[in-house]
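Trainee: I would like to go through the labels used for this model and hear what each one rests on.
Mentor: Then have the structure open while we talk.

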Amino acid sequence: MGSDSPPVISLAETADGKIWIGTLGDGLFFLAGGRATYVKAGLSDRKINCLLPIGEELWVGTDTGLYRGNGKDFRRIELPSFLSNVQVLSILRDRDSNIWVGTTRGLLRINAKGISFSEENELRGDGGINALFEDREGNLWIGGARGLGRIRDSAFVTYSSVSDRRFEHNGPVYVDPEGRTWFAPAQGGLYVLRNGRVQAVTSIPPNEVVYSISGWADVVWAGRQRGD
């Protein structure tokens with residue numbers, strides 16, 4: 001991949017040590033031995049929105065559907081007919097081996113019993129479910145165009161209001177060891193939810209985009225437009 005390559009928008013590592021790279025419009029690559037190799041077999045879309053490694057298998061979310069493969073060949077996962085060409089924005093596997101898929105039409109759950117679907121209109125709005133995160137207690141956090149929600153013991157809790165522009169178009173989500181939920185709207189800024197209240201992180205300007213959130217112990221890292 002050269003300096004003129006399109007932006008990388010997804011990354012994953014499979015159990016065999018391969019680093020998988022999804023690009024904005026140039027397809028899927030894997031990195032091994034310092035060399036990037038283009039992979040096409042079975043993938044019709046060159047925009048790779050999200051990746052999920054499961055052992056040596058890789059799940060791939062694109063603008064035209066969901067795929068899974070062994071790195072050499074990929075096949076489309078058959079979804080309900082009304083989702084046949086849905087845009088897949090996020091993928092997560094939880095501790096119970098459920099596969100959660102965020103799309104522009106709603107939220108999918110895939111497991112041994114089959115596929116279930118929820119429109120999640122309150123969160124999705126005119127956008128989609130573009131952020132998924134499982135915290136240490138097994139809660140599933142969901143970020144959509146209209147806000148942030150949590151699924152806990154099959155109950156859904158929404159932390160948003162369509163009148164509060166801070167919650168529109170959510171980006172990354174992270175829950176720290178103290179149970180605080182950090183989230184970064186796509187339009188900029190960083191916010192933390194604790195004890196049911198949302199506060200802005202004043203050290204990051206509200207118009208600065210945060211691309212990733214991670215942490216260790218009591219330290220939280222934010223990858224942002226102008227550095228960490």
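Mentor: We start with pairing: two strands pair if DSSP finds at least two bridges between them. Keep in mind that the model is predicted. In it, four strands form an open sheet in the order 5-6-7-8, and the pairing is antiparallel.

Trainee: Why are strand 5 and strand 8 said to stand at the edges?
Mentor: Strand 5 (48–54) and strand 8 (74–76) each have a single partner strand, so one side of each is left without a neighbour in the sheet. On average, neighbouring strands of this sheet are turned by 25° against each other, with direction ignored.

Trainee: How do you know that strand 6 and strand 7 pair?
Mentor: The definition asks for at least two bridges. Strand 6 (residues 57–62) and strand 7 (residues 65–69) have five, in the antiparallel sense. The two are therefore paired under that definition.

Trainee: What makes strand 2 and strand 3 a pair?
Mentor: The same test applies, with a threshold of at least two bridges. Strand 2 (residues 19–23) and strand 3 (residues 28–32) are joined by four bridges and run antiparallel, and W20 stands opposite F30 in strand 3. The two strands form a hairpin with four residues between them. In the turn, G27 has a positive phi of about 90°.

Trainee: What joins strand 3 to strand 4?
Mentor: Five bridges, with the strands in the antiparallel sense; strand 4 covers residues 35–39. L31 stands opposite A36 in strand 4. This hairpin has two residues between the strands, and G33 takes a positive phi near 65°.

Trainee: Why is R93 called partly exposed?
Mentor: Buried means under 20% relative accessible area and exposed means over 50%. R93 has 42% relative accessibility, which lies in between, so R93 counts as partly exposed. R93 is found in strand 9 (residues 88–93).

Trainee: How do you know that the side chains of R93 and S97 make a polar contact?
Mentor: The cut-off is a pair of N or O atoms within 3.5 Å. The side chain of R93 and the side chain of S97 are at 3.3 Å, and this counts as a polar contact.

Trainee: What else is R93 in contact with, leaving aside its neighbours within four places in sequence?
Mentor: L52, I54, N98, I99 and E134. As for P53, 40 residues apart from R93 along the chain, the C-alpha atoms of the two are separated by 9.1 Å.

Note on methods. Residues are numbered from 1 along each chain as its sequence is written. This is a predicted model: local features need pLDDT of at least 70, side-chain atom pairs count only at pLDDT 80 or more; totals for chains, interfaces and linings use all residues. Side-chain values use heavy atoms; hydrogens and water are left out. Buried means under 20% relative accessible area, exposed over 50%, partly exposed in between (1.4 Å probe, protein chains only). Contact means heavy atoms within 4.5 Å. A polar contact is a pair of N or O atoms within 3.5 Å; within protein, one must be able to donate a hydrogen and the other to accept it, and residues adjacent in sequence count only if both atoms are side-chain atoms. Axes are lines fitted to C-alpha atoms, for helices over the stretch in contact, and angles run from 0 to 180 degrees between N-to-C directions.
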